[in-house]
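Student: I have a structure open and would like to learn how to read it. Could we go through it feature by feature?

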2 protein chains.
Amino acid sequence: MLWLSIDRTSDIPLIRQIYLELRRQILRGELSSGQRLPSSRELAAHLGVSRNVVLEAYDQLISEGYLESKSGSGTYVAQGAYWELTSDQGITVQPSDRSFIVTTADLIDFRSGIPALDHFPRKLWGELTKRVCLEASAAAFGYSTPEGCLELRSVLAQYLRRTRGVHCQPDQIVITSGAAQAFSLVGQLLLSAEDTIALENPTTPEIREIYSTLGAGLDLIPVDDRGIQTQWLPASKPPKFILVTPSHQFPLGSVLTIQRRIELLQYAKATGSYIVEDDYDSEFRYSGTPVSSLQGLSPESVIYIGSFSKILSPALRLGYLVLPLEMVQACRRLKRLIDLHSSTFEQLALAEFIQAGHLERHIARMKKLYRQRRDTLKQLLNEYFPEQVRISGDSTGLHLVAELNEIDFSPDRLHKIEQQRIRIYPMSIYAPSQEKYQKQIVMGFGNVAIEDIKLGIQRLKRGVME
Amino acid sequence: MLWLSIDRTSDIPLIRQIYLELRRQILRGELSSGQRLPSSRELAAHLGVSRNVVLEAYDQLISEGYLESKSGSGTYVAQGAYWELTSDQGITVQPSDRSFIVTTADLIDFRSGIPALDHFPRKLWGELTKRVCLEASAAAFGYSTPEGCLELRSVLAQYLRRTRGVHCQPDQIVITSGAAQAFSLVGQLLLSAEDTIALENPTTPEIREIYSTLGAGLDLIPVDDRGIQTQWLPASKPPKFILVTPSHQFPLGSVLTIQRRIELLQYAKATGSYIVEDDYDSEFRYSGTPVSSLQGLSPESVIYIGSFSKILSPALRLGYLVLPLEMVQACRRLKRLIDLHSSTFEQLALAEFIQAGHLERHIARMKKLYRQRRDTLKQLLNEYFPEQVRISGDSTGLHLVAELNEIDFSPDRLHKIEQQRIRIYPMSIYAPSQEKYQKQIVMGFGNVAIEDIKLGIQRLKRGVME
């Protein structure tokens, strides 16, 4: 008789236990092809289960081809059902780069672009997502359109017009999974083989990686305290697009002047290049009101990219594109092909959050908090490094640039600093092989509490002096 | 004196009103370069506002380059700040294809692959997302790793081992925005110029579109009632991968037999092709227990793709890849480049949902519901089309295939049927130019209530008779 054990205390139903065990034995060749199985009656009696249980297991094995039933003769193991199961592959997976995951250990991290995570409006957001889930129509639980929920696109178009001078209709907006997806979509939409794009220099390594992976040639255009230096845009072979951060250059922090904006737009019109405007943290402008968007000056040549990562939370993965009308169709199609659409409920919750005025109140509250953090950081830098520090790029956003006279941020120096349990980011990350930035560091203060800023600057001092 | 109007009843702060109005006049050339502005004192008196308000507006316009201040002489409109604003572009955006959005009008839609949207566990899910939002660590509101939350990957690995015989560690899982993103990632990871892939024929047009857009040559392999016909796999120039739906072929509904499974795996081993296993609705098997995955037989050559769209809701956009170990690193990098990671809170809510046993209870409940719908549909088809209908592919999942003798589902016929306010899907959508499928339709019953199935079959009868 077939050796087969069942476990009556297991959660796994008896039918499935019998099925799995017979399947295993056939696959391993313990039961070989042509072998006759006991009748369902016999096996049932042997196992002390109802005959139906065995019949169902046999039926399933027959339907999947493991067994065959010959009428009048019985049930047999089928041919071609033997397979040598392979064991583990012995490859070890490297842990993911966690460098931009916030750590909780005793390390003070001045990474830029992280908002105050402990000030996320948990209660409000939790209530909103719950309410959306309870109140949404049944259809909202099905598939949606690639461009995202109309509810969100409508309030967003109004919000952008009011606060950023962005000139658009809801139809021009495509909701993306964060700005990262928006960058990737733009590249996939516009780039063909041999194309080049123009990036600011310095810029983030992530941006360079996204576009070089898509095969684009990168034209790096220098930046000064008035933003991208438009006179260096290539006269021949214009780039497919020019990616700029006009409200708050990343990482230098400069604001693009109106003259350069106009030169940029004129260049785009003359060459047919698009301008991609990355407006990542312009809401937090500490003197005066936020600088208006470039998009508002020329909606037909600017692709505007926004994100809720800095003003709300990166964990939500909510961003968007505002597109020139002629690009909308192609972008919707591409979004559909790559992931159909972004998650519906977080879109609906965000629409409510904006509509009810929560977003603007949250931004106002956070601006106050960030201003305090910025002011403390500036004050302490000046106090601990008198006559030595020069601060720039601090009019807007979640980071500033500090230049420390006579300090080179070499790998060796950075290592000494990190030993003090503080992490800072040298400008060289953003502008490889550019000597002039060697004494500069980028300091994000969005997610560093006042006490940690104090402690951090003391540690920086020690790390620099050592 | 400068003409400038302010609105004291507006929500827009006075500084911003003055800034925006001056900016507009300069851009339009109404204030031309070199023109002297009134002193802040004069303008403040004229507008009846405090002098600081005007000073701040002037300061911002100076910092953005619209104005320049000459010491001792006053404030002037700068050069190069004139820009002719363009008006709307007159392009109209076509509305998105809404054909797979569920409509609420009086149309009975037998679209496949839509779960019972009105049975989504709203209350439970709403509570869970709220709780996750309240209880998550502050770090959870920051950036996460591209492969997704460990909490979810851990419970998922266990769940897949238990219910699907999938053999994997949490490290082999990458959480994606639905299965759609998983398909796209696999293509981007594996395909180079000139590569071909093998698809089942019939298959969905979406799958064909995703891969042909990525430039792959498509090798269409016929399917019969035992699944993909492995003998037609190309002997020379093997495909980069073979995409199969072994648990429930889409759309024919057949289950891939063990013999074919083994032939497929042998082919993959011999040629170095990967197998991509799309396991989209295997949880709903109505006779016996779910068929075990192909992945469990050969984890090193099978890429397993799963989704929560059919068992929970497509609106969540939660899917995943289970990868052979050697692909993990590259896939994480690509996921990081395309959208950094999927939304954290829905991942955490889902982890809880699975961990607490809610998912398996939900599946059991839905299986009961779907079985009733399937049985009603079969019974009514047999009743309304006696001697004429042949039903297949109904052992598993959310759709079945009906073949109606003597009825060709031509565009003309389909139009007549749709006039009866019922929508059905001819097999020809999935297998273009294949004559033999002309009499077949694919009928999804997941989201059609019993009463609507009754009404729908009456309408189908009328549409077919007319």
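This is a predicted model: local features need pLDDT of at least 70, side-chain atom pairs count only at pLDDT 80 or more; totals for chains, interfaces and linings use all residues.

Student: Let's start with the two chains. What rotation superposes chain B on chain A?

Tutor: For two copies, look at the rotation angle and at the shift along the axis. Here the rotation is 180° with 0.0 Å of shift, and the RMSD is 0.1 Å. The copies are thus related as by a two-fold rotation axis. In chain B, the C-alpha nearest that axis belongs to B:K130, 3.0 Å away from it. Both copies use the same surface, too: 98% of the contact residues of chain B recur in chain A.

Student: At what angle do the two α4 helices pack?

Tutor: For a helix pair, read the angle together with the distance between axes. Helix α4 of chain A (residues 122-135) and its counterpart α4 of chain B (residues 122-135) pack at about 170°, their axes 8 Å apart. Angles over 145 degrees count as roughly antiparallel, and α4(A) and α4(B) are therefore roughly antiparallel to each other.

Student: Which residues of α4(A) and α4(B) meet there?

Tutor: Among them are A:R122, A:W125, A:K130 and A:L134 on one helix, and B:R122, B:W125, B:K130 and B:L134 on the other.

Student: On to sheets. What is the strand order in the eight-stranded sheet of chain B?

Tutor: The general idea first: strands of a sheet pair through backbone hydrogen bonds, in either a parallel or an antiparallel way. In chain B, the open eight-stranded sheet runs β5-β12-β11-β10-β9-β6-β7-β8, with mixed pairing. β5 (173-176) and β8 (227-228) of chain B are at the edges with a single partner strand each, so one side of each has no neighbour in the sheet. Helix α9 of chain B (residues 325-339) packs on this sheet, touching β5, β10, β11 and β12 of chain B, and its direction makes about 25° with that of β5(B).

Student: In what sense do β6 and β9 of chain B pair?

Tutor: In the parallel sense: β6(B) (residues 196-201) and β9(B) (residues 241-244) pair over two bridges. To see them line up, find B:A198, which stands opposite B:I242 in β9(B).

Student: Last topic: which peptide bond is cis in chain A, with omega near 5°?

Tutor: The one from A:N201 to A:P202, and A:P202 is in the loop between β5 (196-201) and α7 (205-213) of chain A. In chain B, a cis bond joins B:N201 and B:P202, with omega about 5°. For phi, look at A:L340: its value is positive, about 70°, although this residue is not a glycine.

Methods
Residues are numbered from 1 along each chain as its sequence is written. Chains are lettered from A and ligands numbered from 1 in the order in which they are written. Side-chain values use heavy atoms; hydrogens and water are left out. Axes are lines fitted to C-alpha atoms, for helices over the stretch in contact, and angles run from 0 to 180 degrees between N-to-C directions. Helices (H or I, at least four residues) and strands (E, at least two) are DSSP runs, numbered from the N terminus. Angles under 35 degrees count as roughly parallel, over 145 as roughly antiparallel, 65 to 115 as roughly perpendicular and the rest as oblique. Contact means heavy atoms within 4.5 Å. Two strands pair if DSSP finds at least two bridges between them. Copies are superposed by least squares on the C-alpha atoms of residues with pLDDT of at least 70 in both.
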